[in-house]
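User: I am new to this structure and would like to go through it step by step. Could we look at it together?
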Amino acid sequence: APTNAALRALFPAGTPDANIIGALNTPALFPASTVRGLVVYHILGVRAFTPNFPTTETAVPTLLNGAIATHPGVRLMATFTGPFVTAATVKGAANATASNVLINPTPNPAGSSDQHFTNGVLHKIDQVLRPQ
């Protein structure tokens with residue numbers, strides 16, 4: 001999930017939060033289908049723990065692939081130092097650079113960015129992923 005700072009980066013610097021929230025709630029600027037597409041593009045169809053991320057950039061489908069079967073999905077990659085994940089990235093199809101998965105400073109074998117929930121695993125990222 002993109003951090004608040006990642007969402008703010010979509011708007012000009014210094015835009016007040018109230019204006020950002022207002023813009024995101026304006027269908028003419030952000031139609032519901034666009035918002036839904038962005039949300040499902042940030043969701044993988046499987047639990048993704050950082051220790052299981054590939055060590056080379058690898059295409060992984062997102063829930064957007066359910067609507068657009070030919071979409072390339074996102075590209076995941078992790079860097080390991082010994083058994084620990086020390087860096088991880090995810091890149092959207094239209095992002096110029098990969099987004100960093102925000103790793104806690106103290107690595108642990110379970111994956112230091114993995115936040116476990118009943119219905120999945122949450123990773124914070126520093127960019128909004130762009131599908132096109």
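User: What is the strand order in the open sheet of four strands?
Analyst: The model is a predicted one. In it, the four strands of the open sheet follow the order E1-E2-E3-E4, and their pairing is antiparallel.

User: Which strands stand at the edges?
Analyst: Those are strand E1, residues 58-60, and strand E4, residues 99-100. Each has a single partner strand, so one side of each is left without a neighbour in the sheet.

User: How many bridges join E1 to E2?
Analyst: Three bridges join this antiparallel pair. Within the pairing, Thr-58 stands opposite Leu-76 in E2.

User: And how many join E2 to E3?
Analyst: Strand E2 (residues 74-81) and strand E3 (residues 84-91) are joined by seven bridges and run antiparallel.

User: Which residues face each other there?
Analyst: Phe-80 is opposite Val-85 in E3, and Thr-79 is opposite Ala-87 in E3. Arg-75 has Lys-91 as its bridge partner in E3.

User: What lies between E2 and E3?
Analyst: The two strands form a hairpin, with two residues between them. Gly-82, in the turn, has a positive phi of about 65°.

User: That leaves the last pair. How many bridges join E3 to E4?
Analyst: E3 and E4, which run antiparallel, are joined by two bridges. Thr-89 has Asn-100 in E4 as its bridge partner.

User: Changing topic: how much space lies in the largest pocket?
Analyst: The largest pocket holds about 750 Å³ of space.

User: Which elements give two or more residues to its lining?
Analyst: They are helix H3 (32-41), E2 and strand E6 (120-122). H3 gives the most to the lining of the largest pocket, namely four residues.

User: Which residues lie nearest the centre of the largest pocket?
Analyst: Of the 31 residues that line the largest pocket, Ala-1, Pro-2, Val-39, His-42 and Ile-43 lie nearest its centre.

User: What is that lining like by class?
Analyst: The lining of the largest pocket has 25 nonpolar residues, five polar residues and one charged residue.

User: And how much space lies in the second largest pocket?
Analyst: The second largest pocket has about 180 Å³ of space.

User: Which residues line the second largest pocket?
Analyst: Its lining consists of Ser-33, Thr-34, Gly-37, Leu-38, Leu-64, Ile-68, His-71, Arg-130, Pro-131 and Gln-132. By class, the lining of the second largest pocket has four nonpolar, five polar and one charged residues.

User: One more residue, please. Where is Asn-65?
Analyst: Asn-65 is in the loop between E1 and E2.

User: Is Asn-65 buried or exposed?
Analyst: Asn-65 has a relative accessible area of 15%. Buried means under 20%, so Asn-65 is buried.

User: Which residues does Asn-65 touch, not counting residues up to four places away in sequence?
Analyst: With those left out, Asn-65 touches His-71, Pro-72 and Gly-73. His-71 is also one of the residues that line the second largest pocket.

Definitions and conventions:
Residues are numbered from 1 along each chain as its sequence is written. This is a predicted model: local features need pLDDT of at least 70, side-chain atom pairs count only at pLDDT 80 or more; totals for chains, interfaces and linings use all residues. Side-chain values use heavy atoms; hydrogens and water are left out. Two strands pair if DSSP finds at least two bridges between them. On a 1 Å grid over the protein atoms alone, a cavity is a set of points where a 1.4 Å probe fits but cannot get out, and a pocket is an open set with protein on both sides within 12 Å along at least five of seven lines; lining residues have an atom within 4 Å of a point. Grid points are joined across faces, edges and corners, and a volume is the space filled by probe spheres set on the points. Ala, Val, Leu, Ile, Met, Phe, Trp, Tyr, Cys and Pro count as nonpolar, Asp, Glu, Lys and Arg as charged, and the others, Gly among them, as polar. Buried means under 20% relative accessible area, exposed over 50%, partly exposed in between (1.4 Å probe, protein chains only). Contact means heavy atoms within 4.5 Å.
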